[in-house]
2 protein chains.
Amino acid sequence: MREADELLEHFQVPDDIAVRVKPANLRSTIEQVFQKMGIPKEDAVTAADVLMFADLKGVDTHGVSNMLRAYVQGYNEKRLNPRPKMRIVKETETTAVVDGDGGLGIITCPQAMDIAIEKARKYGMGAVTIRNSGHAGAVGYHAMMAAKQDMIGWAMTAGGNAMVPTFGAEPRLGTNPIAFSAPASKEPFFLFDAATTTIAGNKIGLLRRLGRPLEPGWVSHPDGTPDMRGGQEPEFAAGSVRYQLPLGSTRELGSHKGFSLAVIVDILCGVLSGAAGFDRADRSRRGHFVAAYRIDAFVPIDEFKKNMDGFLRTLRETRPAPGHDRVVYAGLSEYETEQKRSKLGIPLHPEVIEWFKGACAELGIPFTLTTK
Amino acid sequence: MREADELLEHFQVPDDIAVRVKPANLRSTIEQVFQKMGIPKEDAVTAADVLMFADLKGVDTHGVSNMLRAYVQGYNEKRLNPRPKMRIVKETETTAVVDGDGGLGIITCPQAMDIAIEKARKYGMGAVTIRNSGHAGAVGYHAMMAAKQDMIGWAMTAGGNAMVPTFGAEPRLGTNPIAFSAPASKEPFFLFDAATTTIAGNKIGLLRRLGRPLEPGWVSHPDGTPDMRGGQEPEFAAGSVRYQLPLGSTRELGSHKGFSLAVIVDILCGVLSGAAGFDRADRSRRGHFVAAYRIDAFVPIDEFKKNMDGFLRTLRETRPAPGHDRVVYAGLSEYETEQKRSKLGIPLHPEVIEWFKGACAELGIPFTLTTK
């Protein structure tokens with residue numbers, strides 16, 4: 001077994017208990033769930049596409065298992081607005097600030113990226129910041145929207161207090177993921193999407209569900225000291241993902257860099273969107289940022305893609321270190337997982353299947369996930 | 001002594017052997033050295049300003065001690081063009097690709113950032129990629145140029161084969177630093193500038209000169225396996241900084257993220273500039289990227305700076321972990337060092353003073369560094 005895949009699968013449901021469902025059935029079920037929440041068809045299709053993107057690519061932390069329940073709960077508790085009137089607060093040739101009117105981020109972010117792409121098409125670059133919007137989902141989705149249009153795509157989301165800054169004893173920043181995508185021709189697209197903590201917040205929840213321990217360097221002790229021994233779990237009670245360490249784990253290993261990357265995400269998503277709460281680092285807050293750079297504003301697109309092919313291929317073909325059988329660039333494993341899952345189905349934990357069964361019954365949606 | 005400062009000073013000349021020189025004298029000497037290389041006055045002033053920025057802020061790895069010698073050597077060996085004709089290869093409202101005509105990056109990058117700033121002033125955003133250009137110096141300088149103009153600034157430089165990818169056994173990417181700056185009002189500007197390896201390449205050279213060992217997690221063994229024990233130095237013969245680990249050090253700690261950030265830098269600086277060599281990851285190559293986003297294209301500048309003040313202050317005021325006395329955000333220590341060095345002088349290693357003495361004699365420049 002390949003090591004890189006093994007690590008990816010560390011966060012996936014073990015094969016022996018997974019129930020594989022047909023992508024088309026899962027997609028249709030998600031769309032119907034969102035529509036039952038009062039969301040217009042078109043937006044429900046977008047939201048389902050963002051979740052399916054994660055589930056197909058093996059980013060299970062951001063797929064239906066972890067997120068759909070939370071979204072449904074958000075709508076049920078009226079914390080999310082199913083029919084937001086998105087509003088452009090301010091706009092220039094290349095920039096916009098969008099008020100999401102309390103809608104879910106997996107719906108507002110793609111709409112914001114559409115604006116950024118349109119601006120980049122006209123002027124070469126486009127960037128949109130989003131305030132007053134819910135969870136952004138797998139931000140790689142939004143970045144890849146631009147890459148599919150022959151552009152460089154950036155997407156970030158900020159908020160929460162999950163990360164303890166280098167030398168700090170209180171959580172101050174979110175896991176603040178950064179996504180970046182660029183197209184290639186023969187090679188799968190480069191697609192980076194990662195938390196600026198050592199590990200995504202949702203992954204801790206997933207590990208808890210799978211009964212697996214935390215690695216050294218992922219979290220701090222309650223006093224802020226990095227835990228470099230690992231294995232602990234106790235303070236991570238349900239719903240809590242506080243005290244995660246920045247990428248780099250300790251100052252000596254570069255945690256000030258992970259910490260700073262998270263600050264950059266807060267600045268772009270929050271301070272630059274005028275979202276509430278970003279005048280302090282110790283409050284609950286949320287904002288998003290998306291940007292697109294049109295590639296042929298710089299170099300011919302065919303030349304760019306050809307060079308990307310060579311660049312990514314030679315990375316992939318780097319001689320591996322002992323115990324490993326290849327080097328993978330970001331987006332490669334995810335692409336392979338998507339190919340596999342499109343054919344073989346998406347593996348879900350039986351608990352998740354049960355949740356769908358209950359939700360479908362309650363909402364009056366036909367349950368088709370375990371249909372052969 | 002404060003821990004954060006201690007780490008910063010880990011890379012600085014020890015006080016007991018340092019010779020403190022007056023900033024004005026050092027600046028004037030650097031300007032004259034560059035002019036003796038055949039560089040026009042205006043460009044020499046820029047180049048000196050970039051080096052002084054590093055030396056004043058305590059970024060000694062990118063100041064005169066490490067870099068000036070290398071630049072002088074580059075001019076003497078005709079690898080650098082002292083009078084380049086910079087040329088815009090392609091341009092749109094917001095973007096440009098610049099050919100640096102073999103000039104030094106610390107001169108071409110500020111010129112490119114001027115173009116990006118001008119475009120952002122007109123259209124909200126600007127980005128310039130630079131090919132055919134030498135070493136970019138401390139890229140934080142270029143990012144901060146935008147911040148001083150009330151913009152968000154990005155600057156990156158790619159090239160070389162210093163970083164071994166996650167699971168790889170051969171170096172494929174440079175240390176590929178990313179800089180980002182954003183202004184505040186009362187607080188020192190946020191200014192991030194860091195290699196995507198765990199440590200900047202030049203720092204290894206500086207540690208060698210200071211006779212200090214490497215930390216665990218900074219480099220790999222020759223077979224690509226991360227060295228998590230530390231202390232080694234042998235394979236880092238003069239001039240060689242191969243086999244550095246990506247930020248994150250090991251896959252479990254997130255090295256795939258540092259690796260991917262380096263890939264992003266290669267894509268933006270190289271593939272997007274059409275610079276030679278970026279069609280493969282295993283060759284010598286160099287390119288730069290700078291971008292500016294005009295803040296008031298998004299939110300009023302006063303509101304932005306006020307929110308930055310509160311955000312950065314509350315980060316700084318985070319309760320510290322045991323053994324530390326404060327949390328520092330990127331740019332804060334550097335600002336404090338600049339205040340201190342502006343008054344007390346810039347500490348240089350006696351070896352560096354000797355080099356200046358010799359260089360001044362050879363080039364016919366008055367030696368004023370140790371003048372009281």
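Predicted model: local features only at pLDDT ≥ 70, side-chain atom pairs only at ≥ 80, totals over all residues.

Reply: Gly58(A) has a positive phi of about 85°. Residues are numbered from 1 along each chain as its sequence is written, and chains are lettered from A and ligands numbered from 1 in the order written.

Now the helix itself. Helix 3 of chain A runs over residues 41–57. Its 17 residues should span 24 Å (1.5 Å times one less than the number of residues). The end C-alpha atoms are 24 Å apart, so the two values agree. Helix 3 of chain A is mostly covered, with 13 of its 17 residues buried (20 or more other C-beta atoms, placed from the backbone, within 10 Å; exposed means 12 or fewer, partly exposed in between).

Next, the strands. In chain A, strand 2 (residues 87–91) and strand 3 pair in the antiparallel sense over 4 bridges (pairing needs at least two DSSP bridges). The two form a hairpin, with 3 residues between them. Arg87(A) faces Asp99(A) of strand 3 of chain A. Val98(A) also sits in strand 3 of chain A. Val98(A) is buried, because 25 other C-beta atoms lie within 10 Å. Beyond four places in sequence, its contacts include Ile88(A), Val89(A), Val128(A) and Ile130(A) (contact: C-beta atoms, placed from the backbone, within 7 Å). His288(A) is 190 residues away from Val98(A) along the chain, yet their C-alpha atoms are 9.7 Å apart.

Chain B shows the sheet. Its 7 strands form an open, mixed sheet in the order 2-3-4-8-5-6-7. Strand 2 (87–91) and strand 7 (190–194) of chain B are the edges, each pairing on one side only. Neighbouring strands are turned by 15° against each other on average, direction ignored. Helix 8 of chain A packs on this sheet, touching strand 6 (178–182) and strand 7 of chain B. Its direction makes about 135° with that of strand 7 of chain B (axes are lines fitted to C-alpha atoms, for helices over the stretch in contact; angles run from 0 to 180 degrees between N-to-C directions). From chain B, helix 6 (residues 140–147) packs on the sheet too. Helix 6 of chain B makes about 160° with strand 5 (151–159) of chain B.

That leads to the interface. 76 residues of chain A are in contact with 76 residues of chain B. Helix 9 of chain A gives the most to the side of chain A that touches chain B, with 8 residues. That side divides into 38 nonpolar, 21 polar and 17 charged residues (nonpolar: Ala, Val, Leu, Ile, Met, Phe, Trp, Tyr, Cys and Pro; charged: Asp, Glu, Lys and Arg; polar: the others, Gly among them). 100% of the interface residues of chain A are also interface residues in chain B, so the copies meet through the same surface.

How values were computed:
Contact = placed C-beta atoms within 7 Å.
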